Amino acid sequence: MIIEELLRYGIAHTEEKTVIDASPAVLIETAVERGEGELTSTGSLSVITGQYTGRSPKDRFIVDTPDVHDKIAWGNVNVPFSVENYNKVKAEVIGHLSERRLFVVHGLAGADRRYSRKICAICELASQALFVHQMLVRPDEKELRDFGDVDFVVMAAPTLKLDPETYGTHSEAAVLINFQERIILVVGTQYSGEIKKSIFSVMNYLLPVEDHVLTMHCSCNMNPTSHGTTVFFGLSGTGKTTLSAAEGRLLIGDDEHGWADDKVFNIEGGCYAKTIDITPETEPQIWNAIRFGSMCENVVIDEETREADYFDTSLTENGRVAYPVEFVPGAVKKGRAKRTPDVVIFLTADAFGVLPPISKLDRNAAMYHFMTGFTSKVAGTERGIKEPQPTFSSLFGEPFMPLDPNIYAQMLGEKIDQGGVRVYLINTGWTGGPYGTGKRMKLAYTRKMVEAAQSGIIDDSEFVHDPRFNLDVPTTCPGVPSELLNARNTWEDRAAYDEMAEKLAQMFVDNAEKRLTTMEPEVRAAGPRPIMGK
């Protein structure tokens, strides 16, 4: 019997040729049989994704249709793609998928059913179907039975390679988002993060525009007793997953959330954690989640013992594992916090080593740093990144935000005003010098700073104002050496610190003048400013 759902997209598949909503066990078994991957010693499925071991930002496009033409913040991140070329690529994808056995997954984006969107993923690989199944919110039996029409369709064709001259792409791979047709095409890349982030990009348009929900590139956890909730903003590699998976806290999610009027909810149903250098001691929750039902990407596995070597970066420094959120002990399976956040933490990995480890932000400073999104891209998260590269990524997630940054920032400002939210900037990057000279901030110290911010104990400290970075810096924090809190004091050469700090402060100013021209004056005034020579 022909499957009507697939036939709507021109795929005339029969039930015998299509696997629909299979269990993880079936998908894992099928992936191994087909040679897509192998089981590790802990039971995780391990796959190698080829030349694409991270996202490829230059291959991501939004189809320029009339309904979104005047709403998308077009530029280097949100690059327009013609309808004509999109139709060519879609026809090629449909033809490609029509000739293959397919794995179809139905899931939800958004744990709060008031705002969730129904997703159908059509995959040519069982392993990618497993990824989608574990990363989306999994509908219960009744929801799956009554699923009905979907809101967005993802077609994943990793073995299809495109000719750029024919299709107008930048390479043989492309990620195309069409809001009018409600279709995402992921072509030529097996890196599953492209599927995850394209769905996130879609939600970052739909929820603010249609539901007035602030979407966030953040992790989130909750105090099990008081229900106090913290969100952690940050780009990949800054510590969102690690810091949210903390002992004594309930995990809501590690990467993507919506902030509604009454609560925060996870957009996903799983976690996608970096595996580089993890040990049972440093990352116990992630370590223990790497078991049957999870999927490792680009992790080196011993051929005989099938044991993973998380310190081997010969494939990439961006080794990953995807697993359901319930694999984390104490995770909130419903994916919803009890209330809105009382603490917001911006995570930055400063490769210059000059920002203070922790500082407190008022509303304007919070909006400034939210729109600025300074951090360092760490090795492996994107193609070509071999060492930390300082970058400004608006909203700590610019690659996934289709709308003008001011829209999200204004929403955050409203949330801070409404809830009396406390906001902090925490540097998980380098101390004692820049990358190559200094050392990465110890995770144990960062955890103590986070705990002090969550409890409010940090506010009992004396604060000193850093005039260059325009930040209020505490002089003490329980469990953290006081000398570490002043970044300048950690450098042997104080003059070298001043020079490097001036360089970064000027970068902030230049970025705001060039890229954030519509920033309100009082928000702009809350940012860094060079002080030498004055």
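Aromatic pairs number 18 in this structure, a pair being two rings of Phe, Tyr or Trp (its six-membered ring) with centres within 6.5 Å, classed as stacked if the planes are under 30 degrees apart, edge-to-face if over 60 and tilted otherwise. The model is predicted, so that local features need pLDDT of at least 70 and side-chain atom pairs count only at pLDDT 80 or more, whereas totals for chains, interfaces and linings use all residues. Residues are numbered from 1 along each chain as its sequence is written, and side-chain values use heavy atoms, with hydrogens and water left out.

The pair of F200 and F400 is tilted, because the ring centres lie 5.9 Å apart with the planes at 50°. F200 belongs to helix α7 and F400 to the loop between β24 (389-392) and α11 (405-419), so the pair ties together parts that are 200 residues apart in sequence; helices (H or I, at least four residues) and strands (E, at least two) are DSSP runs numbered from the N terminus. F200 is buried at 0% relative accessibility, and F400 is buried at 3%, where buried means under 20% relative accessible area, exposed over 50% and partly exposed in between (1.4 Å probe, protein chains only).
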